[in-house]
Amino acid sequence: MVVEKTGISIISKKVLGQFLIVAQPQVYVNGKLNKNLKWNREVFLHLEPFKNHQILINFQYFGKPVCQAIMEVSLNPGEIMKFRYKTPIIVYSPGKITRLQ
């Protein structure tokens with residue numbers, strides 16, 4: 001039996017000049033910490049098909065979660081969606097998640 005990969009792939013980007021951001025972004029799936037992302041690296045998250053998943057991404061900045069971005073996703077078996085998480089210029093503003101082709 002062949003098991004198909006189902007999930008999302010996320011690449012995290014910082015705005016040029018945000019050198020004070022040293023913490024890696026964190027991704028929460030349905031309210032639970034799933035894993036730490038890596039800046040400028042693509043990370044794959046396995047997700048269960050036919051379910052709605054709430055994805056929240058943020059990172060710690062001086063001990064506080066900032067640049068929070070939230071999205072909902074539902075996948076078919078074998079489907080992989082790609083996204084980019086990007087910080088805003090001001091770190092206390094919301095982050096942005098964009099679907100990639």
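Modeller: A residue is called buried under 20% relative accessible area, exposed over 50% and partly exposed in between (1.4 Å probe, protein chains only). Keep in mind that this is a predicted model, where local features need pLDDT of at least 70, side-chain atom pairs count only at pLDDT 80 or more, and totals for chains, interfaces and linings use all residues. Residues are numbered from 1 along each chain as its sequence is written, and side-chain values use heavy atoms, with hydrogens and water left out.

Now the sheet. Strands pair when DSSP finds at least two bridges between them; S1 (residues 7–13) and S4 run antiparallel and are joined by five. Look for Ile8, which sits opposite Leu45 in S4.

S4 also has a link to strand S7 through side chains. Glu42 and Lys82 form a salt bridge, 3.5 Å from N to O (the rule: a side-chain nitrogen of Lys or Arg within 4 Å of a carboxyl oxygen of Asp or Glu). Glu42 belongs to S4 and Lys82 to S7, so this contact ties together parts 40 residues apart in sequence. Glu42 is partly exposed, at 48% relative accessible area, and so is Lys82, at 39%.

Next, the rings. Those of Phe, Tyr and Trp (its six-membered ring) pair if their centres lie within 6.5 Å, and planes under 30 degrees apart are stacked, over 60 edge-to-face, the rest tilted. That gives four aromatic pairs. In one of them, the rings of Trp39 and Tyr85 have centres 6.5 Å apart and planes at 25 degrees, so they count as stacked. Trp39 is in the loop between strand S3 (32–36) and S4, while Tyr85 is in S7 (residues 80–86), so this pair joins parts 46 residues apart in sequence. Trp39 is buried at 10%, and Tyr85 is buried at 0%. Phe59 comes in too: ring pairs link Trp39, Phe59 and Tyr85 into a cluster.

Another pair is Tyr61 with Phe62, edge-to-face at 4.7 Å between centres and 75 degrees between planes. Here Tyr61 is buried at 13% relative accessibility, whereas Phe62 is exposed at 66%.

Terms used: Helix = DSSP H or I, 4+ residues; strand = E, 2+ residues; numbered from the N terminus.
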